[in-house]
Amino acid sequence: MAIFQSIISNFTAFIMAIILTVFPYAGFERPVINNAKDNCNLTVELISDVHIEKYDPFRKTFLSVGLDNLRKAEADVDAVVVAGDLTNYADEYSLAKYYEILKKHSPAPVISAAGNHDIGHVGDRDVTDITREEAKANFIKYNNEHLGIDAKDNYYTYHINGYKFIVLGDEVIDGGHWDAMDMSDEQLEFLDKELASANGEPVFVVCHWPVDGMNGQELIYPDSGIELENNDVKTIMEKYNNVFYISGHIHGGIKSNAAAEFCQMSNVEQVNGVTYVSLPTFGIINSFGYPWSATGIQMEVYDDQVIFRPRNFLTNAWFTNSVFTIDINN
């Protein structure tokens, strides 16, 4: 409902963002399997909001086929990141199915964050009657088994090719919330400590919720970001160099550079030294940009820069009018 109201109240920006992306000035490029340049240190496929649901075959197929297509890549895929909403209703059947698909189809480790649908939406449409605490425990159990780690809570660190990925999560404090998230002082201290130990090397923070005010969040999905007065991750991240914050949740589609310029919303933007990456939904229709599902971003890390190349994981179409390059601060 909040997204629908946002579209109605910002209808001109909604239409312009779609037009400037679907009819791009640089065009699509397909089929292309390998878009990485030489000397790439790390290639990670970024997706979000797969929303696996027991009685919906399409989202399971999208994820399975999209991961299978990565096996055809000429460049090595080192990891996949899924920035939350792994399931639609937080039921254990859908969570188990999600990890079953990863095990069967992904050619690389998958770093997952839990979203509001994985914890906050327990009991939605009477699909499951577990508590939010039990839903969080299920995520920790299945994710630990998949990655071979021993995380004690809904946040953890994982390394790929020497690069650090810090995953943040909702801790369900005082019963938790439907859509918002809660972070303890301990989690914020964990984030600060992990960023400091990166010693200025590129580090990637993954969280389902966007930071308030970033990537056009207030225009696309008002009041959906991390409330900085309660969880000030922004101030913590701004203390360090080469921090990249990766989120989903707002279901905003891929937007061209022209849409970013004229509509003040972008999939990738840098503010006060921190790079914010907003991912489209993979399993559901998007708004304010390319509308179709099965889209995400390929991230390539080099010695001197990080390149973000939006793509469709089913058709292997690449959005050449939406490529973003961020220089690494050495």
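## A pair in the sheet

In β7, F204 is the bridge partner of F165. Strand β6, residues 163–167, and strand β7, residues 203–206, are joined by four bridges. The two strands run parallel. This is a predicted model, and every description here refers to that prediction.

## The chain as a whole

The chain has 330 residues, and 62% of them count as buried. Its secondary structure comes to 10 helices and 14 strands. Take the contacts between residues at least 6 apart: 72% of them join residues at least 24 apart.

## The six-stranded sheet

β6 and β7 sit in an open sheet of six strands. The order is β5-β6-β7-β8-β10-β9, and the pairing is mixed. Two strands stand at the edges: β5, residues 156–160, and β9, residues 268–271. Each has a single partner strand, so one side of each is left without a neighbour in the sheet. Neighbouring strands are turned against each other by 25° on average, direction ignored.

A helix lies over part of this sheet. Helix α7, residues 185–196, lies across β5, β6, β7 and β8. Its direction is at about 175° to β6.

## Strand β8

β8 covers residues 243–247. On one side, β7 joins β8 through four bridges, and the two run parallel. The bridge partner of V206 in β8 is I246. β8 also pairs with strand β10, residues 274–278. That pairing is parallel too and spans five bridges. Here I246 stands opposite V277 in β10.

How many of the five residues of β8 are buried? The count is five of five, and the strand is mostly covered. Both faces are covered. V243, Y245 and S247 are buried on one side. F244 and I246 are buried on the other.

P210 lies in the loop between β7 and α8, residues 217–220. Is P210 buried or exposed? Its relative accessibility is 1%, so P210 counts as buried.

Leaving out residues up to four places away in sequence, P210 touches Y245 and S247, among others. Other contacts include G248, H249 and I250. P210 also touches Q217, S224, G225 and I226. P210 and Y245 are 35 residues apart along the chain, yet their C-alpha atoms are separated by 8.4 Å.

## Two helices side by side

Helix α3 has residues 57–70, and helix α4 has residues 92–105. Their axes come within 9 Å and cross at roughly 20°. The two helices are therefore roughly parallel to each other. Their crossing is right-handed.

Which residues of α3 and α4 meet? From α3 come K60, L63, S64, L67 and D68. From α4 come Y93, K97, Y98, I101, L102 and H105. By class, this contact has six nonpolar, two polar and three charged residues.

## The loop between α5 and α6

D124 lies between α5, residues 116–119, and α6, residues 132–147. D126 is also placed in the loop between α5 and α6. Their surroundings are described by opposite words. D124 is buried, with a relative accessible area of 15%. D126 is exposed, with a relative accessible area of 74%.

D124 has partners elsewhere in the sequence. Leaving aside neighbours within four places, D124 is in contact with Y89 and W178. D124 and A90 are 34 residues apart in sequence and 8.3 Å apart in space, C-alpha to C-alpha.

## Two positive phi values

Most residues other than glycine have a negative phi. D126 has a positive value, with phi near 60°. F288 has a positive value as well, with phi near 55°.

Where does F288 lie? Its place is the loop between β10 and β11, residues 295–301. F288 is buried, with a relative accessible area of 0%. D126, by contrast, is exposed at 74%.

Note on methods
Residues numbered from 1 in each chain as written. Predicted model: local features only at pLDDT ≥ 70, side-chain atom pairs only at ≥ 80, totals over all residues. Heavy atoms only, no water. Pairing = 2+ DSSP bridges. Axes fitted to C-alpha atoms, helices over the stretch in contact; angles between N-to-C directions. Contact = heavy atoms within 4.5 Å. Buried < 20%, exposed > 50% of the residue type's maximum accessible area, 1.4 Å probe, protein only. Parallel < 35°, antiparallel > 145°, perpendicular 65-115°, else oblique. Left-handed = near helix turned anticlockwise from the far one by under 90°. Nonpolar A, V, L, I, M, F, W, Y, C, P; charged D, E, K, R; others polar.
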